[in-house]
Amino acid sequence: MISNTIILPVLMHMLIAVLLIFFWRNVKAQKIISVAGNLLVLGLGIEIFMLTWNNGIQTTQAGAWRAPFGITFVADVFSSSMVLLTAIAGTAVGLFSTVGIRRERMKYGYFPIYHFLLMGLNGAFLTGDIFNLFVWFEIIIIASFVLMTLGGRRLQIGAGIKYVTINLLASVIFLTAIGILYGLTGSLNMADLSLKIAAIENRGLVNVTAMLFFTSFGIKSAVFPLYFWLPASYHTPPSAITAIFGGLLTKVGVYALIRTFTLIFVPDAFTTNVLLVVATGTLLTGALGALVKKDIRKLFSYLIVCHIGYMIAGLGMFTEIAIVGTLFYLFHDMMAKTNLFLITGLMTKIRGSGYYKDTGGLYKDYPRLSLIIAIVFFSVVGVPPLSGFWPKIYLFQAGLGTGSYILLGAMIIASFITLYVMAKCWSEMFWKPQPEENKKEPDNFSKMNRWDKTWMVGPIIMLAFISLYIGLGAEKIMMVSKHIAGELMDTGPYIKAVLGK
Amino acid sequence: MELYLAILIGVLYAAGIFLMLRRSMVKLLLGLILLGNGANMLIFLLGRITKGKPPVIPENTSIFTDVYADPVPQALILTAIVISFGLQAFAITLLKRVYVVTGTDDLDKLNVTDDEDI
Amino acid sequence: MKTIILKVASNYLLPLLLLFSVFILLRGHYEPGGGFVGGLIASIAFVLHAFANGLKTTQKFLKYHPGVAIPIGLGLSLFAGLLPMFAGLPFMKSLFFSQPLPVIGTISTALVFDIGVYLVVVGVTLTILFTISETVND
């Protein structure tokens, strides 16, 4: 099915960004345009999801160049659900930013860059061309560089150097991999590559290329030996920015991994072994890192790393059940992690600090808000029947089915450590009485007017309810995940939709 | 020709990685630039080098009948160069800013703020 | 740099180089050239002017901040890409006028796209170079 609608989320974000640049100094107009634009893209996201869900895979050929030669945009249910979730997270963070980001940052182009970032994310999800994927990745990282360093505090730019260097290195590796892939096959279209790679005799060279892609995407999604940049940089920018980074940026790496390793490089024994080892390492190191941190933002940064492990694990086991678990976990994690960092922003606003020793007593002062936050915390931990619980059943089942007992052990340990750190966080932040020194610290949240409070808490409540829906309506999400897993395991329809044969 | 290019690419990658492992920020940036150039040359080499056969269809015909140089790698390299132009401009400005704020070019000195809690 | 030869020459070179950049921009569809190269040549013209006469003079000469060209160029390119979508064709499909104009040749949406690229390149390059040289002088 050919449809122009599928690239509208990309174009709409670009249009919004261009409009926002015209209103460079007018912060109020920027806020209105940004929020309105986000809602519009949310509508488009729902429409595209319904379109692909009802009518199958949609494609459009940019410039009407036919498939293996031109750039193809493809929306299957996987892409369109990622676009939809990006739109939801983007809207929530956009709303939160209107009060969560300082005026000075907005004057230096926070909103235009934010929309360029979302444009890049949508483009990466929708493209069907491996070099075009590289270009979208570059748009994402350059926008994230600016967001990371905007404001230019000492801590921020120190972390910025690490973040910039490691991401540039990942790009170079990605480019090298594309070069070798092009030399091997003479094609860049992912559907075409899928056919051509399968026909290559020299599997050693194919595996080397696959590992180069894995390294590059692995750096971006922060897997085991390559994750160290993430906890070193994610705690420095404002919470709204970390929320979009933590919720979406690492996940686009996971998306690219899932896409390339199901469509182009179908895992053989060697690749699955690498993926399983990496997944085990990611789960354990992330969890152990989270165990010792006493600053909530660093703690949650390590939790991002830890939970990426579950998704890699599902991909590594490479059975249909495991992929279903991976996808469900991905959907749950995008919502939960975005919300988790928005919550850190709110808590820092209330108490003026994110360290355990300085804070406490939130439950006493804000009981209703605390209950909403409790839902999110329990979702992250995976207490049944909330959203983190369901994918783990599938992953554990796949672990038993494939006999990967070490991985299974790592997943269980990581789950328990997540439970422990979230429980500790809850008791330190919410139940512990507020320390005396902290009582002198002004509560910046209660001083805000009613509207500002709504804009700050509204997105958190919205995302919490979506997490709740993913948990309680797990049947529907499971249906979508199973459909996608079917699409990923049987690439025939995808290739047929792109190449038309 | 291919052999020389392969050696050149190897030298560029090696020099890039060597420079990245130094402590100075300027050398780090130079290393990244060299690595990027190495990757571009790699794409150029792997796109098959064909001499003197431009991919332009002569006016009196409508399809290629001859061997021609593949234009795709050149398009890829051009795109990669444009992207790295933007990234490097940003990186230079960032390094400049870091130097102004911290007063040092040494990467090790940036680490002081990282591990205040463990 | 304070050399009288460069100073005088740059005043004549500026319009010449700008003209050349437009020439490169227009021939870009079938022959080597295009918006990116044209934009680079145009920004080199201004950079040369800034070298000879100082940054302040060039900025005064330009009247507007070069960054203004970025959203205009982006908007033009986006418009050129969107136009075929209103006709039900895929994004970025090149549309042609049937009658060629004198001197310029056949107008197409590809040209509008290239002009957008030209403006973005001029805007971005000049913004970057002006920002870097401003901080150097501080």
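This is a predicted model: local features need pLDDT of at least 70, side-chain atom pairs count only at pLDDT 80 or more; totals for chains, interfaces and linings use all residues.
At what angle do the axes of helix α7 of chain A and α3(B) cross, and within what distance do they come?

1. The axes of α7(A), residues 154–185, and α3(B) come within 10 Å and cross at roughly 165 degrees. Angles over 145 degrees count as roughly antiparallel, and the two helices are therefore roughly antiparallel to each other. The crossing of α7(A) past α3(B) is left-handed.

2. Residues in this contact. By class, the helix pair contributes 13 nonpolar, two polar and two charged residues to the contact.

3. The interface as a whole. Contacts link 29 residues of chain B with 28 residues of chain A. Within chain B, α2 (25–46) and α3 (72–102) each supply at least two residues of the side that touches chain A. The greatest contribution to that side comes from α3(B), with 14 residues. Its composition is 20 nonpolar, six polar and three charged residues.

4. Architecture of chain A. Chain A contains 22 helices and two strands. Its C-alpha trace spans about 70 × 55 × 40 Å along the principal axes.

5. Burial and contact range in chain A. Of the 501 residues, 62% are buried. Among contacts between residues at least 6 apart in sequence, 80% join residues at least 24 apart.

Terms used: Residues are numbered from 1 along each chain as its sequence is written. Chains are lettered from A and ligands numbered from 1 in the order in which they are written. Two residues are in contact if their C-beta atoms, placed from the backbone, lie within 7 Å. Helices (H or I, at least four residues) and strands (E, at least two) are DSSP runs, numbered from the N terminus. Ala, Val, Leu, Ile, Met, Phe, Trp, Tyr, Cys and Pro count as nonpolar, Asp, Glu, Lys and Arg as charged, and the others, Gly among them, as polar. A residue is buried if 20 or more other C-beta atoms lie within 10 Å of its own, exposed if 12 or fewer, and partly exposed in between; C-beta atoms are placed from the backbone. Axes are lines fitted to C-alpha atoms, for helices over the stretch in contact, and angles run from 0 to 180 degrees between N-to-C directions. Angles under 35 degrees count as roughly parallel, over 145 as roughly antiparallel, 65 to 115 as roughly perpendicular and the rest as oblique. A crossing is left-handed if the near helix is turned anticlockwise from the far one by less than a right angle, and right-handed if clockwise.
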